[in-house]
Amino acid sequence: MTEYAPRNTPLEQLAQLETEALQALEQVQTPEDLDRWYHTYLGRKGALTAILRSVGSLPPEERPAVGGRANEAKRRLEAAYDARAEAVRQAQLARELEAGAIDVTLPGRPVGPGHLHITTRTLRQIYAIFAEMGFQVYEARDVETDEMNFGLLNMPPHHPAREMWDTFWITDEVLLRTHTSPGQIRVMRERYPEPIRVILPGKCYRYEQITARSEHQFFQVEGLAVGRHITMTDLIGTLTAFARRFYGAERRIRIRGSYFPFTEPSIEADIDCILCGGKGCRVCKYSGWLEIAGAGMVHPVVLANGGYDPNEWSGFAFGLGVERPAMLKYGIDDIRLFYGNDLRFLQQFG
Ligand code: PHE
């Protein structure tokens, strides 16, 4: 950069600066040159900026003329800069094209096909097994009323069994379903007076700490059969057939008495541990058994709430997990992986 001799008047300095800057701009070829030029003349510490700043220290009568001229120079240099910047950009593009840096004839990068989520795959395996036994798939809603999720399932307000499900409440009356069982009432009310054989898959929500073993969102598959002569034997046979198809033909089943407000009697079904075969290991907590379902005969109050006269009709219901069985089957040790969106995990189940 030239030093401007103090003997020049400010107006002379400006003219000289402008000429020099425009000449220098002619030489600019690259984006780096361009930056350097801007910095030298128009930047915060640039030559023109310095002159503009010094206007205030001139004798008052000189200020308007010098200020006006300096602003004019600034406008012209900015316009010249913009034009040059565009020219540099175009030249750069042309060079890249010529060098083949952008080969517009190359095919685009392929977008890989997606695949099903491990939960979806597991659900479909479950559907297929129950479809063979004549169960239709019915989807109920995720957002439920207190009435459907609890009340009509034989849990009036303040029933202690409500404590079995920590609940996400939306209002005093509306909640995120804590299990798929409210779907039982919806199906019965829709199907009456037909016999029923359905499964109800869906996401359930519980106000719980997330750990390697438990999520606050997870899937269940509810099963419901209602007919004129349905017995506990049908229930046990159905669960046994399912377990052997899903976990392997050699599985043994164990039935334990249990309690749910909406079934009577209530049971829980276990299979012998698929890892140790019943000898006892870390996965089955050395019991030799793994729980696969809560179930029972539909409680007469629930049948009646669904519109079916319990003196004429009977039914069974069960609730299966989805993620836990998938964890067992594929040896997954942390339930958080299912909805953590880590592709390295998900892509293993393509
Ligand atoms: N709804 C129960 C639960 O989430 C499971 C269940 C379903 C039990 C159907 C009996 C009959 O724990």
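**Threonine 263 and other spots**

Mentor: Start with the side chains of threonine 263 and serine 266, which are joined by a polar contact of 2.6 Å. Keep in mind that this is a predicted model.

Trainee: Where does threonine 263 lie?

Mentor: Threonine 263 is in strand 7, which covers residues 263–272.

Trainee: Buried or exposed, that threonine 263?

Mentor: Threonine 263 counts as buried, because its relative accessibility is 3% and the cut-off for buried is under 20%.

Trainee: And which residues does threonine 263 touch, leaving out those up to four places away in sequence?

Mentor: Threonine 263 touches Ala295, Gly296, Met297, Val298 and His299. Strand 8 spans 289–298.

Trainee: Switching to the backbone. What is the peptide bond from glutamate 264 to proline 265, cis or trans?

Mentor: The bond from glutamate 264 to proline 265 is cis, with omega near -5°. Proline 265 is placed in strand 7.

Trainee: What about the bond from tyrosine 192 to proline 193, cis or trans?

Mentor: That bond, from tyrosine 192 to proline 193, is cis, with omega near 5°. Proline 193 is in a loop, between helix 7 (182–191) and strand 4 (196–205).

Trainee: Why point these bonds out at all?

Mentor: Because most peptide bonds are trans. Most residues other than glycine also have a negative phi.

Trainee: On phi, then: what is the value for tyrosine 286?

Mentor: Phi of tyrosine 286 is near 60°, which is positive, and the residue is not glycine. Tyrosine 286 is in the loop between strand 7 and strand 8.

Trainee: Is tyrosine 286 buried or exposed?

Mentor: Tyrosine 286 counts as exposed, because its relative accessibility is 62% and exposed means over 50%.

Trainee: And asparagine 341, what is its phi?

Mentor: Asparagine 341 has phi near 55°, a positive value in a residue other than glycine. Its loop runs between helix 10 (323–330) and helix 11 (343–346). Asparagine 341 is exposed, with a relative accessible area of 62%.

Trainee: Last topic, glutamine 13. Where is its place?

Mentor: Glutamine 13 is in helix 1, residues 10–27. With a relative accessible area of 18%, glutamine 13 is buried, since the cut-off is under 20%.

Trainee: How many residues separate glutamine 13 and alanine 70 in sequence, and what is the distance in space?

Mentor: Glutamine 13 and alanine 70 are 57 residues apart in sequence, and their C-alpha atoms are 9.9 Å apart in space.

Key. Residues are numbered from 1 along each chain as its sequence is written. This is a predicted model: local features need pLDDT of at least 70, side-chain atom pairs count only at pLDDT 80 or more; totals for chains, interfaces and linings use all residues. Side-chain values use heavy atoms; hydrogens and water are left out. Helices (H or I, at least four residues) and strands (E, at least two) are DSSP runs, numbered from the N terminus. Buried means under 20% relative accessible area, exposed over 50%, partly exposed in between (1.4 Å probe, protein chains only). A polar contact is a pair of N or O atoms within 3.5 Å; within protein, one must be able to donate a hydrogen and the other to accept it, and residues adjacent in sequence count only if both atoms are side-chain atoms. Contact means heavy atoms within 4.5 Å.
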